[in-house]
Structure formats: C-alpha cells, structure tokens
Amino acid sequence: LFRSLCVSRMDDKEKWDALSEENKSAKLKQLNQEERQCKSYLTLANETVQMIHYLTHTLQAPFLVPQLVERLAAMLNYNLQQLCGPKCADLKVKDPQKYGFQPKQLLSLITDIYIYMSSISDYRH
C-alpha cells in the first residue's frame with residue numbers, strides 16, 4: 001500500500017533515464033494506479049475509524065457483543081501497533097496531505113475509542 005507513497009518517480013535519475021520510453025510509461029501508469037488505490041484505501045480507513053469513534057462515543061452497547069469485542073480490540077491493537085510500534089518508521093510518506101495520510105489524527109481517534117470502551121466494565125474483561 002505505501003510503496004507508491006514512499007517511492008518517487010525519479011528517485012534514481014540514472015536508472016530512470018536508462019529506461020525505455022515504453023518502460024517509463026508503464027511505470028508511471030502503475031504508479032498512478034497505486035497512488036489512486038492508496039488515496040482510496042486511506043479515505044476508507046479514515047472514514048471507518050471516524051465512524052467507529054463516533055459510534056463508540058454515542059452508543060457502546062453494540063460493541064459489547066462477544067464477537068465484536070474481540071474484533072474491535074484486535075483492530076485497535078493492530079492499528080496502534082502499526083502507528084506506534086517498531087515498524088512505524090516504515091510509514092514515511094513524502095506528501096501525506098496528497099494521500100490523506102493523517103497518522104496523528106488516527107492515533108488520537110484510536111486512543112479515544114480505547115478510552116470510551118474502557119469506561120465499560122464488560123469491555124475490560
């Protein structure tokens with residue numbers, strides 16, 4: 001997902017110049033497609049976390065169903081690990097605004113969800 005965010009079209013100018021026009025065109029086409037996918041995935045991820053944030057703030061009961069408790073906790077833990085864990089440096093993005101990549105906002109929303117759900121004794125067990 002983040003490959004296209006981290007790789008510039010011409011990071012290595014010598015390698016880029018050595019490519020044929022056909023290869024350059026193919027690489028640019030692939031990069032543009034990957035950039036569109038990244039924007040789409042990040043938009044969906046942001047909206048999903050914002051929706052869960054809103055729902056857990058306003059009504060926690062649906063998230064207390066045993067199947068959802070485990071899934072929500074796993075999702076939150078996974079995303080927290082990605083944003084703050086040992087591999088968080090791999091999430092470097094050259095132009096975060098272009099892709100809608102807002103790791104600080106995501107972290108804030110995830111932290112809020114933990115706080116909202118921790119106030120419920122059933123969720124902590």
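This is a predicted model: local features need pLDDT of at least 70, side-chain atom pairs count only at pLDDT 80 or more; totals for chains, interfaces and linings use all residues.
Cys 84 takes part in none, and the nearest cysteine sulfur, that of Cys 88, lies 6.8 Å away. Because a disulfide requires two cysteine sulfur atoms within 2.5 Å, the sulfur of Cys 88, at 6.8 Å from that of Cys 84, is too far for a bond.

Both residues have some accessibility to the surroundings of the chain. Cys 84 is partly exposed, its relative accessible area being 43%. Cys 88 is likewise partly exposed, with a value of 32%.

## The nonpolar core

The largest nonpolar core contains 18 residues, of which Val 49, Leu 72, Ile 113 and Met 117 touch the most other members. Two or more residues are given to this core by each of H3, helix H4 (66–84) and helix H6 (103–118). H6 supplies the largest share, five residues. In soluble globular proteins, nonpolar side chains tend to be buried together.

Val 49 illustrates the contacts made across the sequence. Apart from neighbours within four places in sequence, Val 49 is in contact with Leu 106, Leu 109, Ile 110 and Ile 113.

## A buried glutamate

Glu 35 is located in helix H3, which covers residues 21–58. With a relative accessibility of 10%, Glu 35 counts as buried, because buried means under 20% relative accessible area. The side chain of Glu 35 forms a polar contact, at 3.0 Å, with the side chain of Tyr 99.

Notes
Residues are numbered from 1 along each chain as its sequence is written. Side-chain values use heavy atoms; hydrogens and water are left out. Buried means under 20% relative accessible area, exposed over 50%, partly exposed in between (1.4 Å probe, protein chains only). Helices (H or I, at least four residues) and strands (E, at least two) are DSSP runs, numbered from the N terminus. A polar contact is a pair of N or O atoms within 3.5 Å; within protein, one must be able to donate a hydrogen and the other to accept it, and residues adjacent in sequence count only if both atoms are side-chain atoms. A nonpolar core is a set of buried Ala, Val, Leu, Ile, Met, Phe, Trp, Tyr and Cys residues joined through side-chain atoms within 4.5 Å. Contact means heavy atoms within 4.5 Å.
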